[in-house]
Amino acid sequence: MSPEKAFTQEQKDAMVAAIRQAEKDTSGEIRVHIENHSKINVLDRAADVFAELKMHKTALRNGVLVYVALLDHKSAILGDAGINAKVPADFWDSIMKNMVEKFRAGNITEGICEAVITAGEQLKQYFPYQADDENELPDEISFR
């Protein structure tokens with residue numbers, strides 16, 4: 001089954017709504033990518049997807065990718081250079097931990113939505129929303 005078919009339309013809509021909510025408070029750009037398998041190290045795969053989605057092209061280099069390999073039970077949260085230059089080294093750890101706990105309980109959509117919202121809340125400290133902000137990246141979920 002394709003990863004897109006693993007979610008109802010309501011679940012997909014909830015994830016997109018979480019992205020939009022998170023981006024209202026920050027100039028950071030958040031994307032969610034879901035696929036079935038990561039045949040390489042999960043962080044390396046997330047970095048490949050980050051590049052494929054052109055997330056490094058934001059003006060402030062403040063893109064965040066929430067990556068999930070459903071059938072392999074692997075996930076990663078990856079921030080761009082602009083974010084990683086400003087945040088502590090363990091910035092993504094608690095978000096990842098909470099997301100994985102939700103996944104283990106079978107709540108994939110809830111885990112992704114909470115991770116996105118929490119990332120947006122934390123990003124606003126470093127990249128607050130500005131009146132002239134543009135939505136530089138699509139809010140849709142990327143599936144492969």
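## The largest nonpolar core

Of the 30 residues in the largest nonpolar core, V32, I34, I77, W92, I112 and V116 touch the most other members. A nonpolar core here is a set of buried Ala, Val, Leu, Ile, Met, Phe, Trp, Tyr and Cys residues joined through side-chain atoms within 4.5 Å. Buried means under 20% relative accessible area, exposed means over 50%, and partly exposed lies in between (1.4 Å probe, protein chains only). Two or more core residues come from each of α1 (9–23), β1 (29–35), β2 (63–69), α4 (93–104) and α5 (108–126). Helix α5 gives the largest share, six residues. In soluble globular proteins, nonpolar side chains tend to be buried together.

W92 is in contact (heavy atoms within 4.5 Å) with V64, I77, G79, I83, N84, A119 and L123, leaving aside neighbours within four places in sequence. There is also a second, separate core of twelve residues. A46, L53, A69 and L78 are among them.

## Basis of the model

This is a predicted model: local features need pLDDT of at least 70, side-chain atom pairs count only at pLDDT 80 or more, and totals for chains, interfaces and linings use all residues. Residues are numbered from 1 along each chain as its sequence is written, and side-chain values use heavy atoms, with hydrogens and water left out.

## Overall build

The protein chain has five helices and four strands. These are DSSP runs numbered from the N terminus: helices are H or I with at least four residues, strands are E with at least two. From the N terminus, the order is α-β-α-β-β-α-α-α-β.

The C-alpha trace spans about 40 × 30 × 25 Å along its principal axes. A compact globule of 144 residues would have a radius of gyration near 15 Å; the protein chain has 14 Å, which agrees. That radius is taken over C-alpha atoms, and the globule rule is 2.2 Å times the number of residues to the power 0.38. Buried residues make up 47% of the 144 residues. Of the contacts with a separation of 6 or more, 70% link residues 24 or more positions apart.

## Surface and charge

The protein chain exposes about 7500 Å², and carbon and sulfur atoms supply 50% of it. Areas come from the Shrake-Rupley method with a 1.4 Å probe; for residues, only the protein chains shown count as cover.

There are 17 positive and 24 negative side chains. The centres of the two sets lie 5 Å apart. Lys and Arg count as positive, Asp and Glu as negative; His and the chain ends are not counted. Each charge is placed at NZ of Lys, CZ of Arg, CG of Asp or CD of Glu.

N36 sits in the loop between β1 and α2 (42–52). Its relative accessible area is 14%, so N36 is buried. Beyond residues up to four places away in sequence, N36 touches M1, S2, P3, A69, L70, L71, D72 and R144.

R144 lies in the segment after β4 (142–143).

Phi of K54 is near 55 degrees, a positive value in a residue other than glycine. Phi of R61 is also near 55 degrees. R61 counts as partly exposed, at 35% relative accessibility.

L60 lies in the loop too. L60 has 48% relative accessibility and therefore counts as partly exposed. Leaving aside neighbours within four places in sequence, L60 is in contact with S27, G82 and F127.
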